[in-house]
Amino acid sequence: MFVVVRIKTIESIAEIAYYELAELGFDAIMEEESMYSENAVLNPNKKTVWITSVAEENYDGNAVREILKNYESQNLLTYSIEKEEKQNWNKKWEENFQPIRLEYDDSKGKQEKKCIIRADFHEAEPDFEHEIIVTPKMSFGTGHHQTTRLMLGHQFEINHKDKVVLDAGSGTGILAIMAAKLGAKEVYACDVEDWSVENSLENAERNNLKIDSRHGTAKVFQGKKFDILLANINKNVLLEEMPLYSELLEETGTLVLSGFHNNDIKDIQQRAEEFGWLVTKQTEETPWCSLRLIKNSSEL
């Protein structure tokens, strides 16, 4: 069973409220009526219903209501809290899933069709350089959320050829699958949710790829070394696991992080610097941010 929270408000307030709910273990928040809608353009000033969920065993009702009632008392939102079966929740996500098309400007300003993320019941679009086929189920990471797109944007700029890659907090496995498509020789993934591990393996198979996906945090790979570590989680987990990431990564490795807001960058950066990591690139889809880091060469 899951505890599902529906919030009726404008986009900016939904994002701020979710930022607090994420600290309590809630999954990504999405606009319900146009969930996974390819053509929908959200009006940031229009009140719509936003939806997020957490496994029942991780639900802290008092903490959730304290957060939401604070916004409700200011007439910023209304909300409802319900329990729903996992399979019903999955069905809604799957029924509304629409392709995501990632296009970027090259150095000459020309649009490059880098990747399409679609379900197997969508038509193929061969004009894209890469294609990822997924069935999302309850797993986070379909390309629709800003943080997934930010992470993929970094991946397109990183040399994965013959690298060993870890996707920590893999969700659907999109980042791990992309690493394999970009030429990584070994790809590993982990997630604290068992259905995400299962889903990432299923999605890798759909794309005729193999990844080693395990249940748990990045600790399950202690003793192994990686060239690239991708972690799209949340601020608190990133701060806590930074020593582990430093231990797991080769001295010449690359660390890519997302899952936090722009006002968290200072904390993330300061924590990374404690272990000799320097930011080489920052990208943003307000209010979400992503950082790419390498070891300080002067300390090598």
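Okay, let's start with helix H4: Gln146, Thr147, Thr148, Leu150, Met151, Leu152, Gly153, His154 and Gln155 in it are buried. Buried here means under 20% relative accessible area, exposed means over 50%, and partly exposed is in between, with a 1.4 Å probe and protein chains only. So H4, residues 146–155, is mostly covered, with nine of its ten residues buried. When I say helix or strand, I mean DSSP runs numbered from the N terminus: H or I of at least four residues for helices, E of at least two for strands.

Quick word on what we're looking at. This is a predicted model, where local features need pLDDT of at least 70, side-chain atom pairs count only at pLDDT 80 or more, and totals for chains, interfaces and linings use all residues. Residues are numbered from 1 along each chain as its sequence is written, and side-chain values use heavy atoms, with hydrogens and water left out.

Now, the inside. Nonpolar side chains tend to be buried together in soluble globular proteins. By a nonpolar core I mean a set of buried Ala, Val, Leu, Ile, Met, Phe, Trp, Tyr and Cys residues joined through side-chain atoms within 4.5 Å. The largest one here has 28 residues, and Ile117, Ile132 and Leu152 have the most contacts inside it. Which elements each supply at least two residues of this core? They are strand S5 (100–105), strand S6 (111–118), H4, helix H5 (174–181), strand S9 (186–191) and strand S11 (226–232). H5 gives the largest share, seven residues. Another core, of 26 residues, lies apart from it, and includes Val164, Tyr188, Phe221 and Phe226.

Let's stay with S11 for a minute. Six of its seven residues are buried, so that strand is mostly covered. For pairing, the rule is that DSSP finds at least two bridges between two strands. S11 runs parallel to strand S8 (residues 164–168), with four bridges joining them; Asp167 has Leu230 in S11 as its bridge partner. S11 also runs parallel to S12, this time with six bridges, and there the partner of Phe226 is Leu249 in S12.

If you want one to click on, Phe2 has Glu84 in S4 as its bridge partner.

Next, the pocket. A pocket, on a 1 Å grid over the protein atoms alone, is an open set of points where a 1.4 Å probe fits, with protein on both sides within 12 Å along at least five of seven lines; lining residues have an atom within 4 Å of a point. The largest pocket holds about 940 Å³ of space, and that volume is the space filled by probe spheres set on the points, with grid points joined across faces, edges and corners. It is lined by 45 residues, and the closest to its centre are Val192, Asn232, Ile233, Asn234 and Val237. By class, the lining has 21 nonpolar, 16 polar and eight charged residues. In that count Ala, Val, Leu, Ile, Met, Phe, Trp, Tyr, Cys and Pro are nonpolar, Asp, Glu, Lys and Arg are charged, and the others, Gly among them, are polar. Helix H7 (235–248) brings the largest share of the lining, seven residues.

Last, a few backbone details. Most residues other than glycine have a negative phi, and most peptide bonds are trans. Asn75, in the loop between helix H2 (61–73) and S4, has a positive phi of about 60°, and this residue is exposed at 66% relative accessibility. Asn208 sits in the loop between H6 and strand S10 (212–215); its phi is near 55°, and Asn208 is exposed too, at 72%. Finally, a cis peptide bond joins Thr286 and Pro287, with omega about 5°. Pro287 is in the loop between strand S13 (277–285) and strand S14 (288–295).
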